[in-house]
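Hi everyone, thanks for making time for this one.

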Amino acid sequence: MRKTFGFHGGIHPPENKRQSVRTPIAEAGIPPELIIPLAQHIGAPASAVVTVGERVLKGQMIADARGFVSVPVHAPTSGVIHAIEDRLIAHPSGHLAPCIVIATDGKDEWLPHSGTPDYEALDTADLINVIRNAGIAGMGGAGFPSAVKLSLKPDMHIATLIINGTECEPYITADDILMRERADHIIAGAKILRHIITPDETLIGVEDNKPESIAALLAAAQDSGIEIVVFPTKYPSGGEKQLIEILTGKQVPSGGLPSQVGVICQNVGTAVAIYEAVVQGRPLISRVTTVTGNSLREPQNFQVLIGTPMSYLLERAGYQAEKNNRLIMGGPMMGFTVPDAGVPIVKTTNCLLAPTESELPTPPPAQACIRCGLCAEACPVSLLPQQMFWFAQGKEFDKLEHHNLFDCIECGACSYVCPSHIPLVQYYRASKAEILQLRRDHEKAEQSRIRFEARQQRLEQAEAEKEAKRAARKLAAEQRAQAASTEGAQDPIEAAIERAKAKKASQQGGVSAESELDKLEKAVVTTRKRLDTATTKLEEARAQGSDLVEALQAGVEKTRSKLAEAEQALHNYLASQNAVSAERPPQDAAQAAIEKAMAARALDAALSPTEKARADLAKLQQRLQKSQDSLARSRTNGDEAKIIEALESTVARLTEKISVAQQQLNTAEHA
Amino acid sequence: MALIRLTSPHAHGPMSTQRVMQNVLLATVPGIIVLTHFFGFGTLVNIAWGSVVALACEALALKLRRRPLGFYLKDCSALVTAFLLCIALPPYSPWWLIAVGIASAILLAKQLYGGLGYNPFNPAMAGYVILLISFPLQMTAWAPPRGLGEMPGLLDALQACFSPQLYDGITMATPLDLLKQNNSLLIDDLWQQNPQFGRWAGIGWEWANIAFLAGGAWLLYQRIFTWHAPVAMLASLSLLAAVFYDGGSSASGGSPLFHLLSGATMFGAFFIVTDPVTSAVSVRGRLIYGALIGALVYIIRVRGNYPDAVAFAVLIMNFAAPFIDYYTQPRTYGHGGKQGEP
C-alpha cells in the first residue's frame with residue numbers, strides 16, 4: 001500500500017452520490033437544437049469556420065482554435081447550421097456569448113474518421129496535436145486545454161502523472177460511473193498520457209467512497225504499471241493542488257504550476273476523451289453528465305451531446321420544475337447557478353443539480369462573525385478566512401493580499417462550516433475581482449504616466465538641443481572672432497573648414513569632394529576631440545588629486561603634438577592646393593570658406609606691427625582679467641587647492657606674456 | 001418556482017451561531033449545579049436576574065441602533081454574557097450590582113463597539129472588572145461553602161438580591177484569599193487551621209472547577225472550540241505553580257493542583273479564554289494567547305493585589321490578541337515548507 005499524505009482542513013459534507021449511480025450511463029439522445037458556445041475552455045474562444053445554412057456532419061470541426069491556449073469545437077451530430085449568434089450560456093455572470101446553433105437532422109451522420117491504435121509510432125508533438133485538434137479541454141470542471149498542459153518544455157522532467165478520479169464534490173458521480181463502466185478506456189487514456197510525458201510513475205487517485213470504481217480500475221490496470229491509490233474521503237481532495245499533496249506530499253508553489261514540482265494532473269474524463277480521440281479518432285463531442293437533485297424523479301448519468309439544452313436533459317430525468325428552487329451547473333460546493341434551463345451543456349459540465357428548497361435551503365441572512373475559527377480549521381490551503389472576511393469588508397486590499405487571498409481556491413469549505421452563514425467565498429471572489437481591476441487600472445495609469453513623461457522629456461530634449469545649437473553657434477562665432485585676431489592661429493581656417501563642411505554636407509548631400517582634404521580634415525577634428533577629452537580628464541584627475549595625473553599629462557602632450565602634426569599636414573596640403581585654386585574659380589562652398597579664411601589671415605598679416613602688437617596686448621589683458629576673476633571666484637568658493645594653484649599659475653603666465661607683449665609694442669612703436 | 005441565483009457554496013453545514021451559544025449555555029449547567037449545591041441558590045438568582053437585565057440591555061441597544069430585535073436576540077449571545085458574568089459574581093449579590101455589571105458588559109463592552117463579533121474585550125470579564133474596581137467590598141463577599149455555616153434558602157437568596165438591606169448573610173474568605181493573606185504558616189498548617197480547604201483546594205471550589213472542566217470537555221467534543229487556548233492556559237499555570245511551589249513553605253504560591261482547582265481556573269479556561277471573538281485566531285496564536293493568560297493568572301494571584309486574576313489576565317491578553325494574530329499567520333499552501341521534495 002502506497003503512503004498517502006494529508007492536507008490541512010477539509011470538510012465532510014453529506015455525499016448524496018447514491019441516488020445518481022443506481023442506473024448505468026444512459027444515452028441522452030439528439031435534441032432538435034444544439035447550442036454550442038465557442039468558448040468552452042480557459043483561453044481564447046474558438047472562431048467559427050462554418051456559415052449559416054451549411055450542412056455539417058458529426059465530428060466536423062465547426063470552429064477552429066485561435067491561439068495556443070485554445071481548442072477547436074466540433075459538430076456533435078449531423079445537421080444544418082441554424083445560426084451563429086449570441087446566446088445565454090452557463091456562466092456565473094449569466095451573460096450572452098457567441099454560439100453556433102445546429103438544427104439537428106437526427107441522422108447522426110459521421111464525418112469519415114479513423115483513429116491511430118498504434119499511437120506509439122507517432123511523434124509526441126503529433127500526438128499532442130491530435131489531442132488538441134480533438135478539442136479536448138480538462139473535463140473536471142476548469143476546462144484547461146489538455147494539449148497545453150501536455151506541451152512540456154524539453155528540459156522538464158515529470159516524475160508523477162496523476163489521473164484524478166477523486167470526484168470529491170457531493171452529488172457528482174460522472175467520474176465515478178465512468179470509472180465503473182469504462183475503466184479500460186481510462187487506463188488506455190492514461191497509457192497514452194504516459195507515452196507522451198514519460199513520467200516515472202502513473203497514479204490514479206480515488207477516494208475510498210467509490211469501492212466499485214476502485215475494483216474496476218484495479219482489474220483494468222493489471223500489469224499496466226499504473227497504480228490505483230485510494231485515500232480517505234474528504235472534501236476537497238479532488239482539487240488539483242490537494243490531490244498532489246495527498247499523493248506526493250509536495251505542494252505546488254503559490255502562483256506556480258504542478259509541473260514545477262514534477263507533477264501533471266489529468267481528470268479521468270479527460271483520459272477517456274484522449275483515448276477516444278487518439279485510438280478511435282473521435283473528437284470531444286459528448287460527455288458524461290450527472291443529472292441529479294430531489295426535484296428529479298430519476299436522477300442519473302447521461303452520455304450527452306455538447307450543446308444539449310439543460311431543459312432537454314432535465315426532462316429526460318423526470319424534472320419537476322415546480323419543486324426546483326435553483327439550477328446549479330456543477331456540484332453544491334463549487335457549482336454556479338444558471339439563469340435559465342435553456343442554457344447548453346458544455347465540455348466542462350460534469351453535473352446538473354436541480355435541488356428542492358428543503359434539500360439546499362436558501363441561506364438565512366448572515367449573522368455577525370464571531371471569529372470562531374471553524375473556517376480556518378476547514379480551509380484546505382491554511383488561510384485565515386475570518387481575518388480575510390474582516391479585511392474584505394473594510395476593503396483593505398493590501399492586507400488581503402498579505403493574507404494570501406489569491407491562494408484561495410474558492411472551494412467553499414469556509415462558507416460551509418460558518419455558523420453565522422456568512423457567504424465568505426463571495427467576499428473573496430468580489431475582492432479578487434476588485435484587486436485585479438485595480439491592478440489593471442494602475443497599470444493603465446502607469447503606462448499613461450510613462451507616455452506623458454516620455455513626451456515631456458522629448459519636448460525638453462528638443463528644446464535643449466535647440467538651446468545647445470544656439471550656444472554652440474554663439475561660441476563658434478566668439479572663437480572665430482578671437483581666433484581671427486590671434487597671431488599665427490590656424491583656427492580660423494579650421495573653423496571655416498568645419499563650417500563649410502557642414503554647409504557642403506547639407507548642400508550636396510554627401511557628394512564626394514577631395515578625399516585627401518577630407519581625410520586630413522577628419523584627422524584634425526578627431527585629434528582635437530581627443531585632445532579635448534584628454535584635457536577634461538586631466539583636469540578631473542587634477543581636481544580629484546588622482547594618481548593618474550602624470551600619465552594623463554603625458555597623454556595630453558602626445559595628443560597635442562599629434563594635433564599639431566595633423567594641422568601641419570592639413571596646412572601643407574592647403575598651401576599646395578592654394579596655388580592651383582588661385583587660378584580657377586572656387587568650386588564649392590568649402591573652398592570658398594577656406595579662401596575667405598585665408599583672406600582674413602592675409603588681412604591680419606597686412607596690419608602694421610604696431611597695431612598688431614596693440615591688439616595682442618589688449619587681448620592678453622582681457623584674458624588676464626578673466627583669469628583673475630575666476631581665481632577670485634575659486635578662492636571665495638573655497639575650491640580645491642589644486643584648482644586655485646592652476647589658476648594662479650595661469651595668471652602668472654599671462655602677466656608674463658603681457659609684459660612681453662608690452663615690450664614688443666614698445667619696440668614696434670620705437671621702430 | 002422561479003430559479004434563484006446564488007453563489008457557491010450552495011450546501012451548508014449544520015452549525016449555527018445560535019447553536020454555538022446554546023451549547024455554551026448548556027455546558028455551564030454542571031458548574032451551576034455544583035455552585036448551587038455548595039453555596040446555595042445565590043448563583044441561580046444571580047443568573048435569573050442577570051439574564052433579564054442582559055436581554056433588556058441588548059434590546060435597548062439594538063433598538064437605539066435600529067437593528068432587528070428578533071434576529072439579534074435569537075443568537076443568545078446576550079444570555080451567554082449574562083450566564084458567564086453571573087457565575088463569576090459572588091452568590092447573594094444585590095440586584096443593583098448585577099444590573100450595573102450586566103449593563104457595563106452589554107452596553108459598554110459589547111454594543112458600543114458594534115455588537116457581537118466586534119467587541120475587542122470579553123464583555124463578561126469587562127463587566128466583572130468594572131464591578132471589582134468600583135465595588136470591591138461586595139465583590140469579595142463570598143458565602144461560606146456548605147457545612148461551614150447556615151445554608152440560606154431560596155427565599156433568602158431572593159431577599160439578598162432584591163432587598164439587600166434586609167439580608168444579613170455571612171461571608172467567608174475564599175481559599176485564594178487565605179493563601180494571599182498567609183505570610184507565616186506553612187501550607188500544611190494553613191490547610192489545617194482553615195476549614196475552607198478541602199481535599200485538593202477549597203471546599204466546593206474544587207468540585208465547581210471539576211464541573212466546569214466537564215462542561216468544557218463536552219464543548220470540546222462538540223467541536224465548539226479547539227483545545228489549544230484552554231490547554232495552553234492550564235499548562236502554563238500548572239508549570240509556574242510547580243516551579244514556585246517550593247514544597248509548601250509559608251512563602252509558597254500553592255501547588256499546581258490547588259491552582260487548577262481554585263477560583264475561576266477551569267471556568268476561565270473553558271468559558272472565557274475560549275471566547276473566539278476576543279482571542280487570537282490561528283492555532284499558534286491561540287497557544288500563545290492561552291499560555292500567556294495562564295502565566296498572568298499565576299503572577300496576579302501570587303504577586304498581585306487581587307486574590308483571583310482570570311478577569312484581569314483575560315482583558316490584558318484581549319489587548320494583545322491582534323498583535324499575536326499579526327505574528328502567527330499560518331503558512332499558506334504553496335508558500336515555502338513542503339514545496340518540491342516531501
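Before anything else, a word on what I mean by a domain: the bounds I use come from an automatic or database domain assignment. And please keep in mind that this is a predicted model.

With that in hand, let's look at chain A. Its assignment gives four stretches: domain 1 at 121–281, domain 2 at 374–437, domain 3 at 486–604 and domain 4 at 607–671. Take domain 1 and domain 2 of chain A: their C-alpha centres are 29 Å apart. How many residues of each are in contact? On the domain 1 side of chain A there are six, and they meet five residues of domain 2 of chain A. Those residues on the domain 1 side split into two nonpolar, three polar and one charged.

In secondary structure we have 19 helices and 17 strands. Why do I call this chain more spread out than a compact globule? Because its radius of gyration is 43 Å, well over the 26 Å that the globule rule gives for 671 residues. You can see it in the box as well: along the principal axes, the C-alpha atoms fill roughly 135 × 65 × 50 Å. Buried residues come to 40% of the 671 in chain A. As for contacts with a separation of 6 or more, 71% of those in chain A are between residues 24 or more positions apart.

How far can we trust chain A? Its mean pLDDT is 87, with 94% of residues at 70 or more. Where pLDDT is low, the predicted coordinates should not be read in detail.

Which of its residues are buried? Leu520(A), Glu521(A), Val524(A) and Leu538(A) are. Remember that an α-helix has 3.6 residues a turn, so residues three or four places apart point the same way. After α15(A) comes Gly545(A), with a positive phi near 65°.

On to chain B. Here the assignment gives domain 1 (16–172) and domain 2 (174–327). The C-alpha centres of these two domains of chain B are 21 Å apart. Between them, 32 residues of domain 1 of chain B contact 28 residues of domain 2 of chain B. What gives the largest share of the domain 1 side? That is α2(B), with seven residues. By residue type, this side of domain 1 of chain B has 24 nonpolar, seven polar and one charged.

Last, the two chains together. Chain B brings 39 residues into contact with 58 residues of chain A. On the chain B side, helix α1 (residues 17–27) gives the most, with three residues. That side of chain B has 15 nonpolar, 18 polar and six charged residues.

That's my tour, and I'm happy to take your questions.

Definitions and conventions:
Residues are numbered from 1 along each chain as its sequence is written. Chains are lettered from A and ligands numbered from 1 in the order in which they are written. This is a predicted model: local features need pLDDT of at least 70, side-chain atom pairs count only at pLDDT 80 or more; totals for chains, interfaces and linings use all residues. Helices (H or I, at least four residues) and strands (E, at least two) are DSSP runs, numbered from the N terminus. The radius of gyration is taken over C-alpha atoms; the globule rule is 2.2 Å times the number of residues to the power 0.38. A residue is buried if 20 or more other C-beta atoms lie within 10 Å of its own, exposed if 12 or fewer, and partly exposed in between; C-beta atoms are placed from the backbone. Two residues are in contact if their C-beta atoms, placed from the backbone, lie within 7 Å. Ala, Val, Leu, Ile, Met, Phe, Trp, Tyr, Cys and Pro count as nonpolar, Asp, Glu, Lys and Arg as charged, and the others, Gly among them, as polar. pLDDT is the predictor's confidence in each residue, from 0 to 100.
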